[in-house]
Amino acid sequence: MISKKLIKAINEQINKELFSEYLYISMQAWFANQNLDGMAAWMDAQGKEERFHAMKFFNYLIERGGKVELKAIATPTVEFDNPLKAFKMALEHEQFITKSINELMDLAIKENDHATRSFLQWYVDEQVEEEASVDRIVNMLKMVGENGHGIMMIDRELGQRTFSAPATEE
Ligand code: FEO
């Protein structure tokens, strides 16, 4: 049986993942308004991925006999000034999520819950990728600075991204 403490912490994590979706679709809207459609598409894919992360926790909690308790989702930032600022915020957010996943893992270890430890390992690995991909974009944007041509090139590259949930997950 999963502990009450873990049920509470996983419910909080579901809220954080849903907030992540909210934050990224807020960025998607901002990029679309700037006519940066590639960056908007990247954020669309990122938002879908966050929803997948949330629902993976949601389904796990139910599978373990825990109760899902959804809470209000905070209002995300809606103004980002420039693409670098938006992606820097995304990076900081991912670092915050990594910390939160690590704390969940610490709790699962403390509670001696081997099933939850095994389940959380997927998120530990996923966060390495999440941080690395955003960090790469932040560095590219720093490199081009205010150069419009450079920003358009990055926009075109980021527009290639799509998200489809792994068939074996959930
Ligand atoms: Fe669900 Fe981007 O971490």
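I started with helix α2 (residues 37–63), where aspartate 44 and lysine 48 sit four residues apart, about one turn of the helix. Helices here are DSSP runs of H or I, at least four residues, numbered from the N terminus. The two side chains form a salt bridge, with the closest N and O atoms 3.1 Å apart. I took a salt bridge as a side-chain nitrogen of Lys or Arg within 4 Å of a carboxyl oxygen of Asp or Glu. By this rule I have seven salt bridges.

The model is predicted: local features need pLDDT of at least 70, side-chain atom pairs count only at pLDDT 80 or more, and totals for chains, interfaces and linings use all residues. Residues are numbered from 1 along each chain as its sequence is written, and side-chain values use heavy atoms, leaving out hydrogens and water.

I checked exposure next (buried under 20% relative accessible area, exposed over 50%, partly exposed in between; 1.4 Å probe, protein chains only). Aspartate 44 is partly exposed at 25%. Lysine 48 is partly exposed too, at 44%.

I then looked up aspartate 113, which meets arginine 64 in a salt bridge (3.2 Å, N to O). This pair links distant parts of the chain, 49 residues apart. Aspartate 113 is in the loop between α3 (83–110) and α4 (114–144), arginine 64 in the loop between α2 and α3. Aspartate 113 is buried, at 8%.

Last, I went to helix α3. Lysine 99 and glutamate 103 are four residues apart there, so about one helical turn separates them. Their salt bridge has its closest N and O atoms 3.1 Å apart. Lysine 99 is exposed at 52%, whereas glutamate 103 is partly exposed at 44%.

Technical notes. Helix = DSSP H or I, 4+ residues; strand = E, 2+ residues; numbered from the N terminus.
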